[in-house]
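Subject: Structure handover

Hello,

Here is the structure I promised to pass on. Please open it first, then read my notes below.

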Amino acid sequence: MSEQMRAFAEQGMEQARKAFNTYMETMQDTASKMENSGSDLQSKTTEAGKKALALTEDHMSAAFSQAEKLVTAKDPQEALELQTKYIKDQIESVTKQAQSMGEEAVNAVKDIQSKFKA
């Protein structure tokens with residue numbers, strides 16, 4: 001093999017080695033980001049689950065409280081007023097909670113996406 005061919009082959013091998021090393025570094029970086037994102041996602045999912053559980057507890061507490069009020073209502077008109085207020089309050093509460101949880105979900109996705117852009 002001529003000296004020029006050998007130099008050309010060595011240069012090709014060196015370029016291939018550099019390309020492979022760059023590829024491996026990129027893959028390791030991506031795997032690390034995915035691992036971190038998975039941990040972040042798991043943490044945020046756990047946090048959302050705890051929040052959902054707390055909200056369920058709040059709603060059940062409100063329902064029991066409402067039942068107690070209804071039992072002590074003096075007449076059907078008072079019971080209707082109590083129930084109307086309860087439903088209105090629950091709709092407002094659920095609307096605010098849905099907005100809050102939606103915002104948190106969007107922020108979590110944005111946070112994870114930003115880590116992949118970095």
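This is a predicted model: local features need pLDDT of at least 70, side-chain atom pairs count only at pLDDT 80 or more; totals for chains, interfaces and linings use all residues.

In all, 11 residues line the largest pocket. Those nearest its centre are Lys44, Ala48, Glu104, Ala105 and Ala108. The volume of the largest pocket is about 260 Å³.

Where does the lining come from? Helix H1 (3-71) and helix H2 (76-117) each provide at least two residues of it. H2 gives the most, with 6 residues.

Now the chain as a whole. It has 2 helices and 0 strands. Its C-alpha atoms fill a box of roughly 110 × 15 × 15 Å along the principal axes. The radius of gyration is 30 Å, while a compact globule of 118 residues would have one near 13 Å. Buried residues account for 8% of the 118 residues in the chain.

Next, helix H2. How far apart are its end C-alpha atoms? They are 61 Å apart. At 1.5 Å a residue, the 42 residues of H2 should span 62 Å, so the two values agree.

The N-terminal end of H2 is capped by Asp75. A side-chain oxygen of Asp75 sits 3.1 Å from the backbone nitrogen of Gln77.

Which residues of H2 are buried? They are Tyr86, Gln90, Gln97, Ala108 and Ile112. Ala108 is also among the residues nearest the centre of the largest pocket.

Is Ile112 buried or exposed? Ile112 has a relative accessible area of 16%, and buried means under 20%, so Ile112 is buried. Leu80 also lies in helix H2. Its relative accessibility is 52%, and exposed means over 50%, so Leu80 counts as exposed.

Finally, some C-alpha to C-alpha distances. Ile112 and Ser93 are 19 residues apart in sequence and 29 Å apart in space. Leu80 and Leu70 are 10 residues apart in sequence and 8.8 Å apart in space.

Best wishes

Notes: Residues are numbered from 1 along each chain as its sequence is written. Side-chain values use heavy atoms; hydrogens and water are left out. On a 1 Å grid over the protein atoms alone, a cavity is a set of points where a 1.4 Å probe fits but cannot get out, and a pocket is an open set with protein on both sides within 12 Å along at least five of seven lines; lining residues have an atom within 4 Å of a point. Grid points are joined across faces, edges and corners, and a volume is the space filled by probe spheres set on the points. Helices (H or I, at least four residues) and strands (E, at least two) are DSSP runs, numbered from the N terminus. The expected span of a helix is 1.5 Å times one less than its number of residues. Buried means under 20% relative accessible area, exposed over 50%, partly exposed in between (1.4 Å probe, protein chains only). A polar contact is a pair of N or O atoms within 3.5 Å; within protein, one must be able to donate a hydrogen and the other to accept it, and residues adjacent in sequence count only if both atoms are side-chain atoms. The radius of gyration is taken over C-alpha atoms; the globule rule is 2.2 Å times the number of residues to the power 0.38.
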